[in-house]
Amino acid sequence: RGTCIGFHTDAARKTMQVALNDDSEYTGGRLVFATAAGFEVPRRPAGSATVHTDRIVHGVTAMTAGVRYGLFLLDTGGRSHAGSADTG
């Protein structure tokens, strides 16, 4: 708690995040996209998904209360990543 995930881009070609609980169940922990139009903070009701490419700068605000559950799916396009599970 209390630590944000600073702005970054992902190593995966595409990332899909599925919210497993509603964003009303926690405080902070908001996904923030940095765009040419400014910062965008999408609502994330349970069951919703956001998808972004490796070119999208994003971060997450600090969690201050509650628990945020999410499922992350990555399209690595066959790229090797440090820390990835070896399935071969």
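**Exercise 1. Where is the place of Ala11?**

Solution. This is a predicted model: local features need pLDDT of at least 70, side-chain atom pairs count only at pLDDT 80 or more, and totals for chains, interfaces and linings use all residues. Residues are numbered from 1 along each chain as its sequence is written, and side-chain values use heavy atoms, with hydrogens and water left out.

- Step 1. Find the loop between β1 (5–8) and β2; Ala11 sits there. Strands (E, at least two residues) and helices (H or I, at least four) are DSSP runs, numbered from the N terminus.
- Step 2. Check the accessibility. Ala11 has a relative accessible area of 46%, so it is partly exposed. The cut-offs: buried is under 20% relative accessible area, exposed is over 50%, and partly exposed is in between (1.4 Å probe, protein chains only).
- Step 3. Look for a partner. Leu74 is 63 residues away along the chain, and the two C-alpha atoms are separated by 9.2 Å.

**Exercise 2. How many helices and strands are in the protein chain?**

Solution. 

- Step 1. Count the elements: 0 helices and 9 strands.
- Step 2. Read them from the N terminus on: β-β-β-β-β-β-β-β-β.
- Step 3. Of the 88 residues, 26% count as buried.

**Exercise 3. Describe the position of Ala62.**

Solution. 

- Step 1. Ala62 is in the loop between β7 (57–60) and β8 (65–66).
- Step 2. Its relative accessibility is 26%, so Ala62 counts as partly exposed.
- Step 3. Ala62 and Gly28 are 34 residues apart in sequence, yet 5.4 Å apart in space, C-alpha to C-alpha.

**Exercise 4. Which residues line the largest cavity?**

Solution. 

- Step 1. Define the term. On a 1 Å grid over the protein atoms alone, a cavity is a set of points where a 1.4 Å probe fits but cannot get out; lining residues have an atom within 4 Å of a point.
- Step 2. Count and size. The structure holds 1 cavity of 30 Å³ or more. About 50 Å³ of space lies in the largest cavity. Volume here is the space filled by probe spheres set on the points, which are joined across faces, edges and corners.
- Step 3. List the lining: Gln17, Val18, Ala19, Asn21, Tyr26, Arg44, Arg68, Tyr69, Gly70, Leu71 and Phe72.
- Step 4. Find the elements. β2 (14–19) and β9 each give two or more residues to this lining.

Note on methods. 1 Å grid on protein atoms, 1.4 Å probe; cavity = no way out; pocket = protein on both sides within 12 Å on 5 of 7 lines; lining within 4 Å.
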